[in-house]
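Welcome! Here is a short tour of a protein model, written for someone new to reading structures. Take a look at it first, and then follow the notes below.

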Amino acid sequence: MKRVRVGNGCGFWGDSLDAPVRLAAAGRLDYLTLEYLAELTMSILAVQKQKDPAAGYASDFLDVLARLTPILAAQPNLKVVTNAGGMNPHGCGTKARDILTAAGLGDRRVAVVSGDDLMPRLDALLASGHGLTHLDTGDPLAAVRDRVVSANAYLGAAPITAALAAGAMVVVTGRVADASLTVGPAAREFGWSFADLDRLAAATVAGHLIECGAQATGGLWVNADDATGLGDVGYPIAEMRADGTFTLTKPDGTGGAVNVETAAEQLLYEVADPARYFTPDVVADFTTVQLKDAGRDAVAVSGGTAAGVTDTYKVSVAYRDGYAAAGTLVIFGPNAAEKARRSGAVILERLRRAGLTFAASHVEALGAGDCVPGVVRSTGEPAEVVMRVAVRDPRRAAVERFTKEFSPLVTSGFPGTTGYTTGRPPVREVFAYWPALVAKSAVAPRVEVLP
Amino acid sequence: MTPLSRIAHGRSGDKGNHANVAVIAYTDAGFAWLREYLTADVVAAYFAPLGPARVERFEAANVRGLNFVLYDVLAGGASRSLRSDTQGKTLALALLQLPVELPADHTAMLRGA
């Protein structure tokens, strides 16, 4: 029976640079997927592209691809599917092709999937009745239109399948739903129709389980301990069959763990109603999924079914929403937590006396339970805590001024104040998230095989 | 009173300004008990200091799971939130520390039972 092994070597931009290389080397993969785009990553990439039209993609991917070339040379059938293209899939794909060519792999075709970027025609969409209203509040996008920096539809698996059918060995996409990176190869390999919703749902389960990388293989597992060997954690592989069933596993000899617990935790990760997990390809019902331990670091997964399909794509809009900064100091000694909170109040008081109040501010005594403020209190007295103060405001200058108010506490604060080693904290731009829907008929995914 | 973590594990994450907290029982007996005890109201009361607008509970009995969606609980969510935990990563471990009164004989609910 035909089996297709899809491994995911990257769960977000910032994930391990070594994982994709190790997974491709040891995973006996047919496909390596690399997922780089969190909800707000596109806004960061959009700003990069504004400054430099050649930028705007997840540049880590090109470093990874360069390191992958010896493996690709040794495994001529290994294909790579990634959404690293971000706001500039064509630019990213072109660079990827150049890397392959320089490594003597110029015969490996690179395809680019685009059409997700709605910014160039955002006003036309709004004018023609696509309100892009906020999914939660129902507010029209017009309310923040002048601050929007990016608006991308989550495309599905079909253009990836088409790119593979056109002979692509490397597929670089813009915004595509994470699970679709896996659904696309499965549909291509097994010849599934995009009307075969149960198969798409089953593959969506596979894609969902592996999309966050090591979160399926021991990372974040509540029962992870020293024996789990996270220092050598293997990344996840879905070994798929034509009927939609698959085995979740990881390369032999790696650390981490794959079992029913790790799989169940990941199955429900970032899910609302598990009976209706919306993707561009299908509405998947995760409540029909069966997980069974199938030997060491292997879980047999079956039963994911479809609960329909929508005629809309989800759209992720990001808009500018001021500036923020957060700084820390260490407070040691008796009553450290209380002193940390007072120190934070002192910082804000001094700024108030200087005429500055902020749209939002937050003080934490980390070590005393403030990570989940008011819910979980630490028992017993910590020897020291980290004082963390953060502010957000529309005025960049006010936030800049805030960052200069930490160091004075080293001499004018409570005894035991230390830890001022990293200098003034950086000011960052804040992007707010605006989820919306758009009719599929208003979006045209494009596939281009690069010459 | 014992922490919920005696009979369940879980994971939490974000969707914009909302968080989901999945609680997964180790055994069928534990799931049957959780289903009765761990209502959306109990979870809403526990997380009240974080100010969720509302809490909705979903079931995934196939994995002995209860999935709670905590709306507008992340103080703005990724990028906007000023908390250390902008994305609700800690909420599952926080909920697993919920003190609960298990039945006197709860061995059938424990991990590995």
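Strands, like helices, are DSSP runs numbered from the N terminus (helices are H or I with at least four residues, strands are E with at least two), and two strands pair if DSSP finds at least two bridges between them. Please keep in mind that this is a predicted model, in which local features need pLDDT of at least 70 and side-chain atom pairs count only at pLDDT 80 or more, while totals for chains, interfaces and linings use all residues. Residues are numbered from 1 along each chain as its sequence is written, and chains are lettered from A and ligands numbered from 1 in the order in which they are written.

- β9(A) and strand β10 (residues 283-285) of chain A run antiparallel and are joined by two bridges.
- Across this pairing, Tyr277(A) stands opposite Ala284(A) in β10(A).

**The ten-stranded sheet**

- Another open sheet in chain A has ten strands, in the order β11-β12-β8-β7-β1-β2-β3-β6-β4-β19, and its pairing is mixed.
- β11 (290-293) and β19 (446-449) of chain A stand at the edges with a single partner strand each, so one side of each has no neighbour in the sheet.
- From one strand to the next, the twist averages 20°; for such angles, axes are lines fitted to C-alpha atoms (for helices over the stretch in contact), and the angles run from 0 to 180 degrees between N-to-C directions.
- Strand β3 (residues 79-82) and strand β6 (residues 170-173) of chain A run parallel, joined by three bridges, and Thr82(A) stands opposite Val172(A) in β6(A).
- Helix α7 (residues 180-190) of chain A packs on this sheet, touching β1 (3-8), β2 (31-34), β3 and β7 (237-241) of chain A, and its direction makes about 165° with that of β1(A).

**The nonpolar core and the domains**

- In soluble globular proteins, nonpolar side chains tend to be buried together.
- A nonpolar core here is a set of buried Ala, Val, Leu, Ile, Met, Phe, Trp, Tyr and Cys residues joined through C-beta atoms within 7 Å.
- A residue is buried if 20 or more other C-beta atoms lie within 10 Å of its own, exposed if 12 or fewer, and partly exposed in between, with C-beta atoms placed from the backbone.
- The largest nonpolar core has 181 residues, and those with the most contacts inside it are Val171(A), Val317(A), Ala318(A) and Leu95(B).
- Strand β14 (residues 312-332) of chain A gives the largest share of this core, eleven residues.
- Domain 1 (3-116 + 154-310) and domain 2 (317-431) of chain A both contribute residues, so the core lies between them; the domain bounds come from an automatic or database domain assignment.
- The C-alpha centres of these two domains of chain A lie 38 Å apart.
- Leaving aside neighbours within four places in sequence, Val171(A) has contacts that include Val81(A), Ala111(A) and Ile160(A); residues are in contact if their C-beta atoms, placed from the backbone, lie within 7 Å.

**Strand β14 of chain A**

- Of the 21 residues of β14(A), 15 are buried, so this strand is largely enclosed by the rest of the structure.
- β14(A) and strand β18 (residues 428-439) of chain A pair in the antiparallel sense over eleven bridges, with Val315(A) opposite Ala436(A) in β18(A).
- Strand β16 (residues 384-393) of chain A is also an antiparallel partner of β14(A), over ten bridges, and here Val330(A) stands opposite Val386(A).
- Five bridges join β14(A) to strand β5 (residues 148-153) of chain A, and these two run antiparallel.

**Where chain B meets chain A**

- The contact takes 34 residues from chain B and 44 residues from chain A.
- On the side of chain B that touches chain A, β2(B) gives the most, with six residues.

**A loop residue in chain B**

- Asn17(B) lies in the loop between β2 and β3 of chain B, and it counts as buried, with 22 C-beta neighbours inside 10 Å.
- Asn17(B) and Gly76(B) are 59 residues apart in sequence, and their C-alpha atoms are 5.3 Å apart in space.

Terms used
Two residues are in contact if their C-beta atoms, placed from the backbone, lie within 7 Å.
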